[in-house]
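I opened my notebook to write down, step by step, what I looked up in this structure.

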Amino acid sequence: MHETPLIGPYRPDDVMAWGQGHTRTARQFLADVTALAELLPDRPTVLNLADSRYAFLVGFAAAILRGQLTLLPQRRAPEALRRLAGDYPGSYVLTDHDEGIEGIDVVPIQSNGGHAPWPKHLPLVPLNQVVAIAFTSGSTGHPVPNRKTWGALTAVAQATGARLGIKGGDRIGVVATVPHQHMFGLEASVMLPLMHGVALYAGRPLFPADIGSVLADVAGRWMLVTTPLHLRACVAERLHVPPRGLILSATAPLGKSLAQEAERMFQSAVHEIFGFAEAGSVAERRTIDGDRWTPLEGVRVIQDQRSCTVQAWYLPQLVPVPDRVTVEPGGAFFLYGREADQVNVAGHRVSLGDLNQTLLRIDGVQDGIFFLPDEEAGLVTRLMAFVVAPGKTSEEIQCALRAHLDPVFLPRPLVCVPSLPRNATGKLPREAVLELSRQWAGGDGHGV
Amino acid sequence: MTHSGSPVLESDLAKLIVHTLKLKVDPASIQPEAPLFGEGLGLDSIDALELALAISQTYGYQLKSSDPEIKSIFSSLRALANAVEKHRTK
């Protein structure tokens with residue numbers, strides 16, 4: 001069985017992580033992982049809720065060494081986590097703060113620092129070991145599991161780094177605004193630095209001023225793993241940062257003019273990744289160079305008459321692409337937006353069918369539909385919902401939804417209506433919902 | 001410490017919040033002491049980003065989450081108004 005080392009080409013005293021109050025070397029990381037691995041209970045699956053990217057990585061690596069699967073929930077809302085833990089009996093929570101889920105065992109992630117020995121042999125991980133399950137939103141209303149092997153995560157990390165010109169042992173500090181529990185964050189802000197032996201920032205800067213001060217402090221060259229949303233905010237604030245960094249954006253399409261402005265302001269190249277949780281990162285482009293996506297090394301995008309799929313040695317089968325695609329003879333491809341059920345809100349993909357099912361599970365809701373209006377000015381276009389729930393207020397339904405959905409998916413507004421304009425087959429054509437939203441915008445609705 | 005705050009600035013900020021985040025509420029109905037995030041208006045981190053941008057452009061005050069007081073600054077309209085009053089450059 002083929003195995004590869006748990007970490008990339010770090011020397012023992014290379015900085016592996018900084019920020020959040022502590023700096024850790026590769027030597028200290030291995031000691032933290034070994035100590036935690038010995039403490040973990042004998043369970044098959046774990047929910048790693050760590051806020052610190054470094055603590056998350058310690059927990060993730062310890063779980064891998066114990067042969068445990070890390071569940072990467074699509075949503076952080078308490079009810080969603082409880083349901084997920086129910087689907088995987090025996091799950092426990094790893095965390096670096098007070099958050100827990102009622103009724104589920106919690107193990108704190110500790111990091112001790114101090115002097116630590118360097119092992120004679122680095123721990124090895126089989127390429128075919130399943131190390132994580134990433135969940136996607138399915139139209140049936142139940143999260144769909146996507147199993148990730150060590151081989152898949154390390155191959156994507158290597159291929160992405162190679163495409164960006166990162167070499168093992170480069171003096172680079174990776175800073176990310178995206179969460180590490182999501183596929184892109186895990187691949188680009190955790191696995192990429194880990195496999196190249198470069199440092200990662202433990203925190204997650206939100207505001208442009210935060211991003212600016214963290215990048216200014218990077219020892220060596222900075223790399224920012226982010227989204228179009230954060231880039232737009234940085235450009236609006238005219239951030240000043242050291243030049244010649246590297247920007248990697250994903251989760252939503254990046255406009256060419258924003259990419260141009262960002263390249264000018266950061267004096268750095270802006271690259272984009274196309275991927276989705278089922279396949280991981282698939283292709284890359286430098287946004288200002290055009291619309292064409294080039295698959296990562298080892299990945300092929302295949303088009304036949306009916307469908308478009310991704311093929312790679314580390315994927316157990318062909319994975320359908322959730323977007324409409326045309327592939328050129330050389331293998332590069334163009335994207336034309338998501339299939340109808342899938343929408344993207346502030347970089348988070350979700351199935352409208354899934355959201356509708358969640359809505360219909362709420363007490364007192366007779367009928368209801370989520371709807372993503374066409375894009376307008378501003379950073380983010382929010383979902384709306386029309387709900388039939390006699391005797392309930394929109395505040396009550398919002399409050400109930402909050403237990404099931406992350407804030408980004410909460411409808412704004414949620415409008416209570418006497419009935420929905422369903423057609424004879426019980427379907428709600430998008431045109432009818434658009435008309436409903438026009439009527440609502442024209443009058444003075446009662447939404448919140 | 002409960003400052004009474006500046007009623008004019010509070011009212012301007014309430015309008016800025018409603019306008020920036022496209023909320024369907026009357027700005028005058030936002031309670032100065034009520035929480036803005038989670039419960040209350042139910043805002044999230046993307047709203048925080050949008051709001052921080054609007055505040056920076058309107059008042060020249062750049063919010064930072066590394067600011068030890070960030071939680072209390074965003075805790076209510078009044079707290080936000082007090083912070084803007086203290087740090088504004090325009």
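**Entry 1: a helix in chain A**

I looked up α4(A) and found that this helix is mostly covered, since 13 of its 14 residues are buried (20 or more other C-beta atoms, placed from the backbone, within 10 Å of a residue's own). Helices here are DSSP runs of H or I with at least four residues, numbered from the N terminus. α4 spans residues 150–163 of chain A and reaches 20 Å from its first C-alpha to its last, close to the 20 Å expected at 1.5 Å a residue (1.5 Å times one less than the number of residues). Just after α4(A), I noted that A:G165 takes a positive phi of about 80 degrees.

**Entry 2: how I read the model**

I am reading a predicted model, in which local features need pLDDT of at least 70 and side-chain atom pairs count only at pLDDT 80 or more, while totals for chains, interfaces and linings use all residues. Residues are numbered from 1 along each chain as its sequence is written, and chains are lettered from A and ligands numbered from 1 in the order in which they are written.

**Entry 3: two helices in chain B**

I then checked helix α1 (residues 7–20) and helix α2 (residues 45–59) of chain B, whose axes come within 10 Å and cross at roughly 130 degrees. In this contact, B:L16, B:I17 and B:T20 of α1(B) meet B:E50, B:L51, B:A54 and B:T58 of α2(B), where contact requires C-beta atoms, placed from the backbone, within 7 Å.

**Entry 4: between the chains**

Lastly, I found 17 residues of chain B in contact with 21 residues of chain A.

Key:
Two residues are in contact if their C-beta atoms, placed from the backbone, lie within 7 Å. Axes are lines fitted to C-alpha atoms, for helices over the stretch in contact, and angles run from 0 to 180 degrees between N-to-C directions. A residue is buried if 20 or more other C-beta atoms lie within 10 Å of its own, exposed if 12 or fewer, and partly exposed in between; C-beta atoms are placed from the backbone.
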